[in-house]
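Hi everyone, thanks for coming. Please have a look at the sequence and the model on the screen, and then I'll talk you through a few places in it.

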Amino acid sequence: MTTQVALVGGTGKLGTIIHAVVDELEGFEVSRVLTSRSDLSELAGADLVVDASTPQVSIDVVRSAIEHGVNVLVATSGWSAERIALVRPLAEAAGTGVVFIPNFSLGSVLGSALAAAAAPFFGSAEIIEAHRETKIDSPSGTAVRTAELIAAARVEQGPVSAPHADQRARGQQVGSVPIHSLRRPGVVAKQEVILSGPGESLTFTHDTTDPALAYAPGIRLAVPFAAQATGVVVGLENMIDIGIRS
């Protein structure tokens, strides 16, 4: 039996990539493509909703999918831990699954996991992320997720040191980690996590150069997983054993 997928934001850059990958997945079919301005009643009858819309629309897409009793895979940026927490009781009450993927790139997932594993050994952590000038939200979902993982890995050590955090130029803090966002032409997606301690620093850099090639393996993992998920799941690392423990 073929799983019917409703793809919201299917005409955008990421939506187009997701559509192409789903078309190649056995047992899955994109049966309807919605834009960010579509009537969400069109989600009725789908077996799985994939959201690649905008941060402003995404919350309505998730709520509508839950109301229709349909699992949803969220590929839209802008979901913090606090925002995701609001969805948990809704998904649990409805018995549906909501899967949030901040980044489909396997390299990005590995980079964030490595940074989180190293974070307890360094007192300072800062993130610099860069995306093309058309990205409408900042900081990126990947940077937010990385900062949250770092904070979780440092529960025993406490917050990282971030002097002069009251100054706007010091970036936006997430889990005590300053995030600096660049939006400029000529870049696809790049993230640096800089950990610093006495006399040394350690930098993890991930650079996306071809989104279609970088995201496809993660999409192939996430779509079947989301179709069967229950409750709220965050991150591609839940679908693969990357062998790294923070």
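Predicted model: local features only at pLDDT ≥ 70, side-chain atom pairs only at ≥ 80, totals over all residues.

Residues are numbered from 1 along each chain as its sequence is written, and side-chain values use heavy atoms, with hydrogens and water left out.

Let's begin with helix α6, residues 211-228. Helices here are DSSP runs of H or I with at least four residues, strands are E runs of at least two, and both are numbered from the N terminus. Helix α6 has 18 residues and spans 26 Å from its first C-alpha to its last. That is close to the 26 Å expected at 1.5 Å a residue, where the expected span is 1.5 Å times one less than the number of residues. Even so, α6 has a kink of about 30°, centred on P217. The bend at a residue is the angle between axes fitted to the seven residues ending there and the seven starting there.

How does α6 begin? D210 caps its N-terminal end, with a side-chain oxygen 3.2 Å from the backbone nitrogen of A212.

Now, which residues of α6 are buried? Among them are P211, Y215, G218, I219 and V223; buried means under 20% relative accessible area, exposed over 50%, and partly exposed in between, with a 1.4 Å probe and protein chains only. The buried residues of α6 pack against several elements, including α1, β2, β3 and β10.

That brings us to β3, residues 48-51. In a regular strand the side chains alternate between the two faces of the sheet. In β3, L48 and V50 point one way, V49 and D51 point the other way, and all are buried.

What are the neighbours of β3? Strand β1 pairs with β3 in the parallel sense over four bridges, where pairing takes at least two DSSP bridges between the strands. Within that pairing, L7 has V50 as its bridge partner. Four bridges also join β3 to β4, again running parallel, and here V49 is partnered with V72. β3, helix α2 (residues 55-67) and β4 together make a right-handed β-α-β unit. Right-handed means that, with the strands pointing away from the viewer, the path from the first strand over the helix to the second runs clockwise.

While we are at β1, take T3, which sits in that strand. T3 counts as buried because its relative accessibility is 17%. Leaving aside residues up to four places away in sequence, T3 touches G27, F28, E29, D47 and L48, a contact being heavy atoms within 4.5 Å.

Finally, some backbone details in the loops. A cis peptide bond joins S138 and P139, with omega about -5°, and P139 lies in the loop between β6 and α5. H164 has a positive phi of about 60° although it is not a glycine; you'll find H164 in the loop between α5 and β7. S176 also has a positive phi, near 80°, in a residue other than glycine, and S176 is in the loop between β7 and β8.

Which of these two is buried and which is exposed? H164 is exposed, at 52% relative accessible area, whereas S176 is buried, at 17%.

Key
Polar contact = N/O pair within 3.5 Å; in protein donor to acceptor, adjacent residues only side chain to side chain.
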